[in-house]
Amino acid sequence: LNLDDLRKMPQTSMTTEFKCVEGWSAVMQWTGVRFSDFMAAVPPEKHNDALPPYVSMETPDKTYYVSVDMESMQHPQTLLAYEMNGEPLTEDHGAPLRMVTPVKYGLKQIKRIGWIRYQLNRPADYWTERGYDWYVGL
């Protein structure tokens with residue numbers, strides 16, 4: 001899928017507080033596609049009638065990667081966002097596409113998504129490999 005394909009899916013806007021593990025936060029408006037709507041369009045293969053428990057995402061250059069539990073990804077406020085504060089994302093904020101969810105700290109909210117994979121086993125996670133808690137939820 002490309003960005004044009006995502007823009008054809010149901011659009012959602014939300015205003016949330018973005019929280020960083022370094023202690024700062026900011027209120028922002030995001031627009032994009034709920035991950036649950038993305039999953040409906042691109043469903044994972046079920047195993048024993050169950051969804052895979054993890055989602056992994058990676059930047060196009062494969063230098064940054066995250067893994068998130070499926071429950072958090074299915075939260076109604078988890079978006080694949082392409083706009084911030086009414087404007088297309090800038091490169092600094094993750095253009096063309098980033099993940100946004102108020103149930104995780106910012107380090108899990110990957111910028112510049114190049115790949116999305118459904119996983120049976122917990123995938124590698126950039127910040128977990130550097131000593132942060134894997135879940136880092138709120």
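Select arginine 130 to begin: this residue is partly exposed, with a relative accessible area of 43% (buried means under 20%, exposed over 50%, partly exposed in between, with a 1.4 Å probe and protein chains only). The model is predicted, with local features needing pLDDT of at least 70, side-chain atom pairs counting only at pLDDT 80 or more, and totals for chains, interfaces and linings using all residues. Residues are numbered from 1 along each chain as its sequence is written, and side-chain values use heavy atoms, leaving out hydrogens and water.

Glutamate 129 is partly exposed at 47%.

Next, select lysine 108 and aspartate 125. Their side chains form a salt bridge at 2.8 Å, N to O. Lysine 108 sits in the loop between β7 (98–100) and β8 and aspartate 125 in the segment after β8, so the pair ties together parts 17 residues apart in sequence. Are these two residues buried or exposed? Lysine 108 is buried at 0%, and aspartate 125 is buried at 3%.

Move to strand β1, residues 12–19 (strands are DSSP runs of E, at least two residues, numbered from the N terminus). Thr12, Met14, Thr16 and Phe18 make up its covered face, while Ser13, Thr15, Glu17 and Lys19 make up the uncovered one. In a regular strand the side chains alternate between the two faces of the sheet.

Finally, show strand β2, residues 25–34, which pairs with β1 in the antiparallel sense over 8 bridges (pairing needs at least two DSSP bridges). Threonine 15 has glutamine 29 in β2 as its bridge partner.

Methods
Helix = DSSP H or I, 4+ residues; strand = E, 2+ residues; numbered from the N terminus. Salt bridge = Lys/Arg side-chain N within 4 Å of Asp/Glu carboxyl O.
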